[in-house]
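Colleague: I'd like to learn how to read a model like this one. Could you walk me through a couple of features?

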Amino acid sequence: MLDCGLDTTSVLNFLPLPLVHSPRLSKLPGWVSKDGTLNLEKELKECTGRVFVDSQPEFCLPERELLDLSTIDVILISNYHCMMALPYITEHTGFTGTVYATEPTLQIGRLLMEELVNFMERVPKAQSATCWKNKEIQRLLPGPLKDAVDVWTWKRCYSMQEVNSALSKVQLVGYSQKVELFGAVQVSPLSSGYSLGSSNWIIQSHHEKVSYVSGSSLLTTHPQPMDQSSLKNSDVLILTGLTQMPTANPDGMLGEFCSNLAMTIRAGGNVLVPCYSSGVIYDLLECLYQFIESANLGTTPFYFISPVANSSLEFSQIFAEWLCHNKQSKVYLPEPPFPHAELIQTNKLKHYPSIHGDFSSEFRQPCVVFTGHPSLRFGDVVHFMELWGKSSLNTIIFTEPDFSYLDALAPYQPLAMKCVYCPIDTRLNFHQVSKLLKEVQPLHVVCPEQYTQPPLTQSHRSDLMLELQPPPMPYRRCSVLNLPFRRRYERVYILPELANSLVPSEIKPGISLATVSAVLHSKDNKHTLQSVPKPPPMPPSKKRKRVIEEPPVVLAPKPLLSGAVPLEAFLSTLQKHGITEVKVEETADGHILHLQAEDTLIQLEEDGTHIVCDNNEPLRTTLRDLVLRFLQKL
């Protein structure tokens, strides 16, 4: 199984979880259908024309109907965003396999899961809404609830115990390390340049190679650069995880982020940045580090609030070997690879586990707050939305591309604070991926159907799709594809003593052949030729016999014949032996010679010669010997 991401967009259908009691949210009216036949006041609440579920937010899990997840042997993880559904799979499906991931992927994945669990458990909801999920009722609800897919499979968040149990099944791997799977294939991760420890995977047997490219970046940010050359000579390249923002240039967005932030602070307002606790935040802090002095923001406090803020900032400094070269070299100076270490030392950046405790006493405005969750449905961000949403001096800047910012803001409307959308998605865009595919030249490309046509909103933009020759093989949800593999060869090993006994004979200059009689031994998808065992001695028989019973003789194999019988030369040889009346007939596979006087047929074909001769053994033997003159014995 390649990756097991969690679809978190489902949480946009739920009301936010406030950290302190919110009079505004508690006063929202319940939803009743216009004709009054459906009354779901307890479960659904209405806010400025949109309907939300008033219950603990739930997540859309990976597909479980189509296949039995307990039959999966191995899960390969590309990056920490693509493993958030792991506990649902390892703990609830009977999965007994192994999960492979790099160390930063495991550790930062653990932080993100821990943060998610913490956000949910801090604000427990007593009731759980289930009636609205009934198919008959869901049909009658207003959109987007009406169109939500597979709502009956949505699940509440896992527990920390399940997270620990799931992550104990992860085996760590390093870039380019080859891991043998059941002797059938080898897998190895390559740097994908997208986030700390993010990987593309190569899956190969002795003769076939599949590359899985997901969440990759060619930009020079903090991770190790993408390894492109190892993707060459792929029979099939499975492509996914391209940028969700093909029209937004990350550098331009960073510039816009900084200028909007400075404008708000100068006007006396606060800036809220809903973000994940790892990843793009490192680049945002680095960008701000360079920008603060030039924009005279030296006195503005920056706060990073997350249950895992401290661990995240520290992890980024200790995973030196997973960083790009110039950050790696700083470790040996010794200097912290990321400038946020200096921001923390000089008290410009402060981090807190939550808004309770120290933060509330040290909090100064105007300030910049980085906090989660980007969906605005849970986490400390909900508190700041309630706190700052009523003032037009404040600004919220969205940098994560995973959620539609309009949907994220819907339960907070009407909202006075300014909203700026600067999605920073460093993953490959269509132009970069087309260039990459030209360089690595896979025989076949497999990708989601969406990549093969322009986006619905911009149907004229043919540059926002993949155009390849041959065209890529598209897949959609629940489709079953046959990958275009023709397994022609299998590698077989030969034992040294058996190899020793072979006698090659030259059939053409520089080409020798040897016949081999052996026993084929197959285990764990490895095939070995072994010597034929000698027959066991016969057990002594009860009847007394004077003759000692010999073991049965293993007959030497008949020599194999190779070569072709040339027609003209064979006819002249027949003439020399007094056979002159020969009628030659051409067939699809060769020739038939009819020896009329002798009433005999000789069929000469590419892979065999047949002599059909009635009751004339001496003639048959003579003809056989004449044919053998032209063939080589092995």
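Colleague: How many disulfides does the structure hold?

Modeller: A disulfide here is a pair of cysteine sulfur atoms within 2.5 Å, and the structure holds zero of them. Take Cys 4: the nearest cysteine sulfur belongs to Cys 82 and sits 8.5 Å away. For Cys 422, the nearest one is that of Cys 258, at 9.2 Å. Bear in mind that this is a predicted model, where local features need pLDDT of at least 70, side-chain atom pairs count only at pLDDT 80 or more, and totals for chains, interfaces and linings use all residues. Side-chain values use heavy atoms, with hydrogens and water left out, and residues are numbered from 1 along each chain as its sequence is written.

Colleague: Is Cys 4 buried or exposed?

Modeller: Buried means under 20% relative accessible area, exposed over 50%, and partly exposed in between (1.4 Å probe, protein chains only). Cys 4 has 1% relative accessibility, so it counts as buried. Cys 422 is buried too, at 0%.

Colleague: And the sheet: in what order do the strands come?

Modeller: In general, strands of a sheet pair through backbone hydrogen bonds, either parallel or antiparallel. Strands are DSSP runs (E, at least two residues), numbered from the N terminus, and two of them pair if DSSP finds at least two bridges between them. Here seven strands form an open sheet, ordered 6-7-8-9-10-17-18, with mixed pairing. Strand 6 (179-181) and strand 18 (473-475) each have a single partner strand, so one side of each lacks a neighbour in the sheet.

Colleague: How many bridges join strand 7 to strand 8?

Modeller: Six, and the two strands, residues 185-191 and 199-204, run antiparallel. Leu 190, for example, has Asn 200 in strand 8 as its bridge partner.

Definitions and conventions. Helices (H or I, at least four residues) and strands (E, at least two) are DSSP runs, numbered from the N terminus.
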